[in-house]
Amino acid sequence: MSETRSRIAVIGGTGMNRWPGFTLEHSEAVETPYGAPSAPLLFGHIDGLRACFLARHGDGHKIPPHRINYRANIWALKQAGIEKIIAIAAVGGITQGYGPAQVGVPHDAVDYTYGREQTYSDGSDLWSLHHVEMGEPYSASLRGVLLDAARSADVEITDGGVMGITQGPRLETPAEIRRLKQDGCDLVGMTSFPEAPLARELGLDYACLAVSVNWGAGIGSGGIHDEIEQSVEAGMQKVRAILRVALTTLA
Ligand code: HPA
């Protein structure tokens, strides 16, 4: 295997705090002007394909969505030479196409979060004022790679969807899910923003591979935690199959 470093990073979240099959070559505990990322950057390979892995919620999955240092995470990846980020996000489903264990690639988003450091344009000398365009919040080309990879891997995938991003860590109420649906959201997660706009500010390609692990509150018939337990592994198996093909394409 050549010594060139990977330009592709996978950010793993709930259900993928580790990447089964990923062989670690070295781990880098880095610092950024914004502090330390959630965890060391892990460089290694899977099936001979190089990649970098970052556990969004930290070692042991302890950092809740509203306390993640998103700016440090994205800056650390940029600093490491990463050009493309595939962000895995466990989500709740609101419309058909995002039922439990279904995977999809959202194309748009509504941000309901608050109080998060969501930009590098904070008036400091580190970064000048940028009004980044969010007409296409997720990279169209990287979305295409993920969709094609799913088809090649024979994994059913939902093309598009509007992601609502809520503050967490609590789940939503049924009325909140109804409001998200009225707003046009198809799925709901807690981390895709500010990840996507921060990646855009730094010029990184960013797409989200969303794995529905439950129906949003008030939609399904059972308990949400039971649903999550039943569907998370099936969903993550699909994610791993898609990633293998996507990394081959991007290599
Ligand atoms: N809501 C928000 N985020 C989530 C959910 C949900 O129902 N399930 C997994 N992540």
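Pro194 is part of helix H4, residues 192-201. (Helices are DSSP runs of H or I with at least four residues, strands are runs of E with at least two, and both are numbered from the N terminus.) What kind of peptide bond joins Phe193 and Pro194? A cis one, with omega about 15 degrees. The bond from Gly168 to Pro169 is cis as well, with omega near -5 degrees, and Pro169 lies in the loop between strand S9 (162-165) and helix H3 (174-182).

A quick word on where this comes from. The model is predicted, so local features need pLDDT of at least 70 and side-chain atom pairs count only at pLDDT 80 or more, while totals for chains, interfaces and linings use all residues. Residues are numbered from 1 along each chain as its sequence is written, and side-chain values use heavy atoms, with hydrogens and water left out.

Back to the backbone: Asp47 isn't a glycine, yet its phi is positive, near 50 degrees. You'll find Asp47 in the loop between strand S3 (41-46) and strand S4 (49-55). Most residues other than glycine have a negative phi, and most peptide bonds are trans.

Now for the ligand. Its shell holds Ala90, Val91, Gly92, Leu171, Glu172, Val188, Gly189, Met190, Val213 and Asn214. Which strand gives the most to this shell? That's S5, with three residues. Strands S5 (84-93), S10 (187-189) and S11 (205-215) each supply at least two.

| Residue | Atom in the residue | Distance to a ligand nitrogen |
|---|---|---|
| Ala90 | backbone N or O | 3.2 Å |
| Val188 | polar backbone atom | 3.5 Å |
| Asn214 | side-chain N or O | 2.7 Å |

Taken alone, the ligand exposes 260 Å², and the protein buries 93% of that (areas by the Shrake-Rupley method with a 1.4 Å probe).

Finally, zoom out to the chain. Its secondary structure comes to five helices and 11 strands. Why call the chain as compact as a globular protein of its length? Because its radius of gyration is 17 Å, close to the 18 Å that the globule rule gives for 251 residues. (That radius is taken over C-alpha atoms, and the rule is 2.2 Å times the number of residues to the power 0.38.) Along its principal axes, the C-alpha trace spans about 50 × 45 × 35 Å.

Conventions. Near = heavy atom within 4 Å. Polar contact = N/O pair within 3.5 Å; in protein donor to acceptor, adjacent residues only side chain to side chain.
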